[in-house]
Amino acid sequence: MSTTKHSDSKNDINSIAVFCGSGDSNDEYIYNQAYEMGRALANKNIDVVFGGSKLGLMGQVANGALDNDGLVYGVIPEFLKTKEIVHRDLTELITTQDMHERKLKMHEMSDGFIMLPGGFGTLEEFFEIVTWGQLGLHKKPIGILNTEGYYNDLLMMFNNMVTKGLLKKENLDLIVVSDAVEVLLDKMEKYESTHEAKWMNEEDQT
């Protein structure tokens with residue numbers, strides 16, 4: 001998707017926040033790819049920052065990294081610790097007061113962000129971090145792992161937003177996409193943002 005400038009130089013990515021579902025998925029390949037993402041990050045010596053649960057795809061990402069000697073940091077709000085099963089084998093579990101503080105902490109701890117398959121919560125985290133990028137609050141790479149075309153319809157909607165004049169192409173280009181773990185990580189390492197935040201006036205698009 002992205003036509004944002006890329007180069008052969010590598011970003012200094014030491015940690016990536018992974019947004020994904022806490023459900024197992026009934027698709028074995030999607031489930032296994034979450035583990036593969038954790039494994040690949042560990043093998044690249046990239047720390048994993050995630051939501052802290054041992055369940056579903058979230059747990060698979062953490063296990064993939066931990067099984068390959070990676071460092072994994074969970075960030076979870078206090079109220080969710082009583083509702084989700086917290087992963088107890090993490091490098092560190094960080095507790096926040098609420099969801100907003102959680103996202104701020106994950107942003108502070110991460111040099112990039114990846115969305116794997118998930119539900120409403122995954123999308124909410126992803127869209128906030130993209131919006132922060134659009135507003136110029138960060139220039140960190142943002143990736144979508146489009147496993148088995150999981151996000152095809154969402155990507156079509158993004159392009160329709162551009163076609164209808166409700167999303168700027170330069171803002172869509174903040175996102176890099178691949179259906180393969182290693183390819184996505186390579187794109188993120190080579191990502192170079194040329195985006196300049198433009199504050200809105202009456203004629204600007206959001």
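Me: Which residues of H1 and H2 meet?

Reply: In this predicted model, H1 brings Ile30, Tyr31, Ala34, Tyr35, Gly38, Arg39 and Ala42 to the meeting, and H2 brings Gly56, Leu57, Gln60, Val61, Asn63, Gly64 and Ala65. The residues of this contact divide into 8 nonpolar, 5 polar and 1 charged. Arg counts as charged, and Arg39 of H1 is among the residues that meet H2.

Me: How do the axes of these two helices lie, and what hand does the crossing have?

Reply: The axes of helix H1 (residues 28–43) and helix H2 (residues 56–66) come within 6 Å and cross at roughly 35°. The crossing in which H1 passes H2 is right-handed.

Me: What makes H2 a mostly covered helix?

Reply: Buried means under 20% relative accessible area. In H2, 9 of the 11 residues are buried, and the helix is therefore described as mostly covered. The buried residues are Gly56, Leu57, Met58, Gly59, Gln60, Val61, Ala62, Gly64 and Ala65. They pack against E1, H1, E2 and strand E3 (72–77).

Me: Why is Ser15 called buried?

Reply: The cut-off for a buried residue is under 20%. Ser15 has 7% relative accessibility, so it counts as buried. Ser15 is found in strand E1. Leaving aside neighbours within four places in sequence, Ser15 is in contact with Ile46, Asp47, Val49, Met109, Ser110, Asp111 and Gly112.

Me: Why does His107 count as buried?

Reply: The relative accessibility of His107 is 15%. The cut-off is under 20%, and His107 therefore counts as buried. This residue is found in helix H3 (residues 99–109). Beyond its neighbours within four places in sequence, His107 is in contact with Phe113, Ile129, Trp132, Leu137, His138 and Lys140.

Me: How far apart are His107 and Trp132, in sequence and in space?

Reply: They are 25 residues apart in sequence, and their C-alpha atoms are 10.0 Å apart. Contact is judged between heavy atoms, which must lie within 4.5 Å.

Me: What makes a group of residues a nonpolar core, and which residues touch the most other members of the largest one?

Reply: Members must be buried, belong to a set of nonpolar residue types, and be joined through side-chain atoms within 4.5 Å. The largest such core has 30 residues, and Ile16, Met37 and Leu116 touch the most other members. Two or more residues each come from strand E1 (15–19), H1, strand E2 (47–50), H2 and helix H7 (181–190). H1 gives the largest share, 6 residues. Apart from this core lies another, of 22 residues, among them Ala17, Ile129, Trp132 and Val177. In soluble globular proteins, nonpolar side chains tend to be buried together.

Me: Which residues is Leu116 in contact with, leaving aside its neighbours within four places in sequence?

Reply: Leu116 is in contact with Val18, Phe19, Cys20, Ala34, Met37, Val61, Thr122, Leu145 and Tyr151. Of these, Ala34 and Val61 also take part in the meeting of H1 and H2.

Me: How many helices and strands does the whole protein chain have, and how much of the chain is buried?

Reply: The chain has 7 helices and 7 strands, in the order β-α-β-α-β-β-α-β-α-β-α-α-β-α. Buried residues make up 49% of its 206 residues. Among contacts with a separation of 6 or more, 75% join residues 24 or more positions apart.

How values were computed: Residues numbered from 1 in each chain as written. Predicted model: local features only at pLDDT ≥ 70, side-chain atom pairs only at ≥ 80, totals over all residues. Heavy atoms only, no water. Helix = DSSP H or I, 4+ residues; strand = E, 2+ residues; numbered from the N terminus. Buried < 20%, exposed > 50% of the residue type's maximum accessible area, 1.4 Å probe, protein only. Axes fitted to C-alpha atoms, helices over the stretch in contact; angles between N-to-C directions. Left-handed = near helix turned anticlockwise from the far one by under 90°.
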